[in-house]
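Please read it beside the sequence and the coordinates.

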Amino acid sequence: MTLAAEHLTLTRGRRAVVEGITTALEPGRITAIVGPNGAGKSSLLLALAGLLEPASGSVRLDGAPLTGLAPRARAQAIGYLPQTPDIAWDVSVAALVALGRLPWRDRGAQEIEAALAALDLGALRDRPVSRLSGGERARVLLARVLAGTPRWILADEPLAALDLAHQLTLITYLKACAKECGQGVVVVLHDLALAMNHADHVLVLHEGHLVAEGPPRIALAPQGIARVWGVDAQWLGEPGRMALVSEA
Amino acid sequence: MNRASLVFAALLAALVPLSLLAGRVWIAPFGEGPANAALILAELRLPRAVLGVVIGAGLGAAGAAMQGYLRNPLADPGLFGIAPMAALGAVASFWLAPLLPPTVAAWSLPLLALLGAALGMAALALIAGRTASDAAEGAGGGIALFTLAGLMLASLAGALTALAITLAPNPFALSEIVMWLNGALTDRSWREVAIAAPLTLAGIGVLALAARSLDALTLGEAAARSLGVEPRRLLFLLVAGVGLTVGAGVAVAGIIGFVGLVVPHLVRPLTDRLPSSLILPSALAGACLVLAADSIVRVLPLVTELRLGIALSLIGAPFFGWLLVRMRKGRI
């Protein structure tokens with residue numbers, strides 16, 4: 001049930017954006033990918049979702065290379081939430097969430113209802129997406145991924161541009177997916193405090209390399225933050241409620 | 001069959017008999033008609049009505065699919081190379097027909113138009129298809145490149161068509177080319193129906209196969225691929241479907257613009273707005289629009305019949321402007 005990268009190198013044009021990453025991600029926990037801008041976080045997530053072909057190395061799902069998997073089978077196993085999903089047509093919430101069933105080619109009424117209920121969207125089901133607030137929209141887009149009942153949920157900055165309350169709501173749902181449903185959740189995060197407080201496992205990327213990996217307290221130790229981000233900072237507070245305070 | 005399909009199917013069912021009765025010579029449904037009414041109906045109006053339905057259906061379905069693929073409500077299948085290439089093929093036939101044996105020359109126009117459409121399809125697939133693969137970094141290159149390749153083809157075909165017009169072998173050929181390019185269903189027979197109907201039906205069928213993949217594109221290209229959409233397969237289905245429907249239309253009736261642009265907008269408010277819900281009703285609405293417009297140009301009291309292509313552009317251009325205004329106000 002693992003999703004693993006082996007000696008993974010990714011290129012954009014001729015430029016290597018991720019180089020030689022080897023890691024194994026476990027289901028049932030939240031893995032956060034963090035790093036400064038341009039570290040290769042989104043590219044790594046795309047490759048883990050099977051949407052960016054490795055220049056060398058491989059991504060393996062349960063030991064089998066992802067590139068060998070049929071697109072539909074891959075889509076059934078891995079749900080991907082892009083960073084800035086723009087919605088071309090002003091469809092209803094229910095119609096948008098139903099798109100999550102496309103890999104299964106069924107109506108999936110039960111799964112759609114469950115996804116709507118999980119994200120508390122029942123009352124909004126007929127509302128056009130153009131009339132949703134930012135927070136509602138983020139929940140709807142996540143519900144689309146949940147409706148596909150994937151074993152892995154890969155989300156690129158799902159909490160960016162959300163206020164604190166909506167960030168907590170969404171991360172709580174993602175935690176429930178991992179803990180209660182046993183799904184593997186991999187999120188790209190910018191906010192190190194969110195990663196520290198909510199992730200079970202953290203990958204720190206710097207200039208395309210995996211420079212630290214492990215539980216958040218180890219991967220996000222102040223020395224590492226100083227080395228990767230160039231900021232001297234300390235963690236304050238108690239576990240689960242920690243805040244990063246810079247010393248500058 | 002969704003609500004929009006039912007609405008436009010009912011409208012079409014009402015329009016077909018009306019179209020058969022309307023013309024320079026009106027035929028009363030009951031009672032005494034003109035002596036040659038049966039002949040007019042069977043040999044002139046029925047093939048013309050069927051052809052209008054076929055061409056309109058093809059253009060409507062192609063427009064819905066194209067707007068879904070480009071994720072843009074202003075996309076028109078005519079803009080992307082296939083229709084101008086088909087027109088170039090047809091114009092070439094005015095040059096080549098005198099050099100061919102008479103039996104072949106009689107078919108040269110539709111055949112060369114279809115050849116032009118096929119060349120346009122092949123060029124689009126070759127240029128855009130290379131990047132529309134899973135190996136590329138997202139399908140992004142695919143759709144953007146498709147648009148640019150289509151515009152390039154359209155410009156090239158337009159320039160070559162203009163060249164062919166300026167170098168027309170004689171004034172008669174010049175007039176024929178210009179008239180033909182404006183699109184019309186005048187004097188078409190069952191022969192044209194036999195050419196266009198199977199190709200258009202096949203094209204609509206191919207577009208229907210792409211429908212669910214087009215739905216996935218609602219969420220953007222990366223999300224569509226994550227839902228199992230294969231960009232290369234989708235591109236080929238789209239190019240083949242639009243090529244068959246638009247190519248068949250141009251081959252038998254010349255350029256008939258704006259149908260593919262306008263029709264999905266008439267249909268969209270009656271559906272859930274997903275591309276898959278639009279293809280069949282857009283085919284039916286396109287059939288209604290072309291049939292109605294062709295019936296109107298037939299009965300207008302003008303010395304010569306107004307060309308259908310001109311009439312539809314006269315309707316379509318202001319509609320396009322209205323769409324732009326709505327877009328500016330953020331209502332699309």
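**Notes on sheet and helix packing**

1. In strand β9 of chain A, A:Leu203 is the bridge partner of A:Ile33. The model under review is a predicted one. Strand β3 (residues 30–34) of chain A and strand β9 (residues 201–206) of chain A run parallel, and four bridges join them.

2. These strands belong to an open sheet of six strands in chain A, ordered β6-β7-β8-β3-β9-β10, with mixed pairing. At the edges lie β6 (78–81) and β10 (209–214) of chain A, each of which pairs on one side only. On average, and with direction ignored, neighbouring strands of this sheet are turned by 15° against each other.

3. Helix α9 (residues 222–229) of chain A packs on this sheet. The strands touched by α9 are β3, β9 and β10 of chain A, and the direction of the helix makes about 30° with that of β9(A).

4. In chain B, helix α2 (residues 37–70) packs with helix α10 (residues 231–253) at an angle of about 150°, the axes being 9 Å apart. Because angles over 145 degrees count as roughly antiparallel, α2(B) and α10(B) are described as roughly antiparallel to each other. Their crossing is left-handed.

5. On the α2(B) side, the contact with α10(B) is made by B:Leu51, B:Ile55, B:Gly58, B:Leu59, B:Ala62, B:Ala65, B:Met66 and B:Tyr69. The α10(B) side contributes B:Leu234, B:Leu235, B:Leu238, B:Val242, B:Thr245, B:Val246, B:Gly249, B:Val252 and B:Ala253. The residues of this contact comprise 14 nonpolar, three polar and no charged.

6. A further helix pair in chain B consists of α11 (residues 259–267) and α13 (residues 308–328), which pack at an angle of about 55° with their axes 9 Å apart. The angle therefore makes α11(B) oblique to α13(B). The crossing in which α11(B) passes α13(B) is left-handed.

7. Which residues make the contact between α11(B) and α13(B)? From α11(B) they are B:Val259, B:Leu261, B:Val262, B:His265 and B:Leu266, and from α13(B) they are B:Leu312, B:Gly316, B:Phe319, B:Phe320 and B:Leu323. By class, the residues of the contact divide into eight nonpolar, two polar and no charged.

8. Two points on chain B may be read side by side. The contact of α2(B) with α10(B) includes no charged residues, and the contact of α11(B) with α13(B) likewise includes no charged residues. The axes of α2(B) and α10(B) are 9 Å apart, and those of α11(B) and α13(B) are also 9 Å apart.

Methods:
Residues numbered from 1 in each chain as written. Chains lettered and ligands numbered in written order. Predicted model: local features only at pLDDT ≥ 70, side-chain atom pairs only at ≥ 80, totals over all residues. Heavy atoms only, no water. Axes fitted to C-alpha atoms, helices over the stretch in contact; angles between N-to-C directions. Helix = DSSP H or I, 4+ residues; strand = E, 2+ residues; numbered from the N terminus. Parallel < 35°, antiparallel > 145°, perpendicular 65-115°, else oblique. Left-handed = near helix turned anticlockwise from the far one by under 90°. Contact = heavy atoms within 4.5 Å. Nonpolar A, V, L, I, M, F, W, Y, C, P; charged D, E, K, R; others polar. Pairing = 2+ DSSP bridges.
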